[in-house]
Every structure is written in C-alpha cells, then in structure tokens.
Amino acid sequence: MTMNPFQELNTTLIACRLCHRLVAWREQVAREKRRAYRDWDYWGKPVPGFGDLAARVLVVGLAPGAHGSNRTGRMFTGDASGDFLYAALHRAGFANQPVTKHREDNLALRDMFISAVCRCAPPDNRPTPAEITTCLPYLRQEMALLTQMQVIVALGHIAFDTILHLYADCYQGTNFEMRRFQFSHGASYHLGPHDPHLVASYHPSRQNTQTGRLTPAMFDAVWIATLALLR
Ligand code: SF4
C-alpha cells in the first residue's frame, strides 16, 4: 500500500531513538505505569502530529505528558492539559467533541493540526535544548507538508521561541528581527509577507490552569483571535 507523506514521516518518527535520555524515560514510564492506568498498554514511543492534513491552523505544544500522550499515543490525549485544550477547541469549533480519552475515540479536528517541538515524554516535562534541536526536523517536515497553514499557535514560551528560531533559520542573511517578537499570552505576529501569523498562548498545563494563570476565558480568546486571522 502506498503511504502518503504524513504516513511516511510518522513511520520514521515512531521508530526514532535518537535521544537516549528520552528513549529510556518514555520506555521506563511505559513499563512501570501509573497505578490508575495499570491495565493500559502504554504507547511509550514518539507521538505523531494529529489532525486535519489540510489545516490552516497549526498548534505547537512542548512534549508528550508521561501518562498522557505517552500512554495514549495521541497529542494531548489523556491528561489534564488535553482536557483543558480539547474542551476549548470544541467551544471554538475546531474539535468535534470536548472530551478525549484514547486515540480511537473518534475525535476529529477541523482546520487544525496539533504537534509539538519534542515528541518523546521528558522527565519533569522538560526536554533539553539539545533534545528539542534533535527533534525539530520532524516538526519542520510537518510544517512543509501543511501547505494551507496560515496561523501557528504556540503553547508556551519554549514552543514560541522554537518556532521563531525555525523562521530565523529560513531568513538567514536577511533582517528577521528576533527582538520584534515577545512572548505574552494572546500576542500575535505576522512572521513575514509569505509566512503565517504566530499567536502566543500560555501552555494549558495543570500548573497554569489550576493556579488561574490560564483561565478558560483567556484560552477562548486565543482561539477567537486565531479564527479572526484566517483568510
Ligand atoms: S525526542 Fe524526537 S528526536 Fe528525540 S528520540 Fe524522541 S522522536 Fe527522536
């Protein structure tokens, strides 16, 4: 059977073992499991991007949660961050259902593709800069395949900075002014005349949502702004 370019990319991604620390951690978590999920067969591998292959909106997170997408095998599925994210995406009309628990629950995204700067669950949810750099070719390839992309929503400071560095690389030798871009929740920038808009959002981590740093209303405002940028 012939594979489309996304399937080819995902086949390579899922077999990736380039980052020794992350490979060891994702597999240890998958073996040891959390008590509440002891009956689960953890995914325990790199997590592919998910969504509409003709999407105009790309959402970029940080990395899989140890017992979230490292367990379920789908972006933002199975943990508190995903619960907060998909409820908001449903309210905004990007997701067909507000609740997601496993990767075969018929969740579908409209006009949106979700990815991350690092595809393996890191200890303490913190990939190193070197691990992000090693993983970036996968995101770069997805971005090249998302030919309709008009808006990138970066979830968190690290995703925001990483996207900027990707574009700075593309603009090498020109006046791509990194200082022009400041991360703040809801900030929006046009990356270049033929490039997408970049929208910044706090990450929907449990730490941010439970402390009120990111409220449902603040998150809704990001998706409303994103919709307004689409042509
Ligand atoms: S983080 Fe990315 S580059 Fe590193 S092992 Fe996982 S998939 Fe491969």
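Good morning. I begin with the ligand: in this predicted model, the shell of residues around the ligand divides into 9 nonpolar, 1 polar and 1 charged. Those residues are Leu13, Cys16, Leu18, Cys19, Leu22, Pro46, Cys118, Arg119, Cys120, Thr134 and Cys135. As for its location, the ligand sits in the largest cavity.

Let me turn to the nonpolar cores. The largest nonpolar core has 63 residues, and the members that touch the most others are Leu89, Ile114, Ile163 and Trp223. At least two residues of this core come from each of the strands β2 (57-61), β3 (112-116), β4 (151-155) and β6 (197-201), and likewise from each of the helices α4 (80-92), α5 (129-145), α6 (157-170) and α8 (216-229). Helix α6 gives the most, with 7 residues.

Which residues does Ile114 contact, leaving aside its neighbours within four places in sequence? They are Gly49, Phe50, Val59, Met75, Phe76, Leu85, Tyr86, Leu89 and Leu109. Leu89 in that list is also one of the core members that touch the most others.

Another core, of 5 residues, lies apart from the largest one, and Leu9, Leu13, Cys16 and Cys135 are among its members.

Finally, I come to Arg31. This residue lies in helix α2, which covers residues 20-32. Is Arg31 buried or exposed? Its relative accessible area is 60%, and the cut-off for exposed is over 50%, so Arg31 is exposed. Between Arg31 and Gly44 there are 13 residues in sequence and 8.3 Å in space, C-alpha to C-alpha.

Thank you.

Methods: Residues numbered from 1 in each chain as written. Predicted model: local features only at pLDDT ≥ 70, side-chain atom pairs only at ≥ 80, totals over all residues. Heavy atoms only, no water. Core = buried A, V, L, I, M, F, W, Y, C linked by side-chain atoms within 4.5 Å. Buried < 20%, exposed > 50% of the residue type's maximum accessible area, 1.4 Å probe, protein only. Helix = DSSP H or I, 4+ residues; strand = E, 2+ residues; numbered from the N terminus. Contact = heavy atoms within 4.5 Å. Near = heavy atom within 4 Å. 1 Å grid on protein atoms, 1.4 Å probe; cavity = no way out; pocket = protein on both sides within 12 Å on 5 of 7 lines; lining within 4 Å. Sits in = over half its atoms within 2 Å of the grid points. Nonpolar A, V, L, I, M, F, W, Y, C, P; charged D, E, K, R; others polar.
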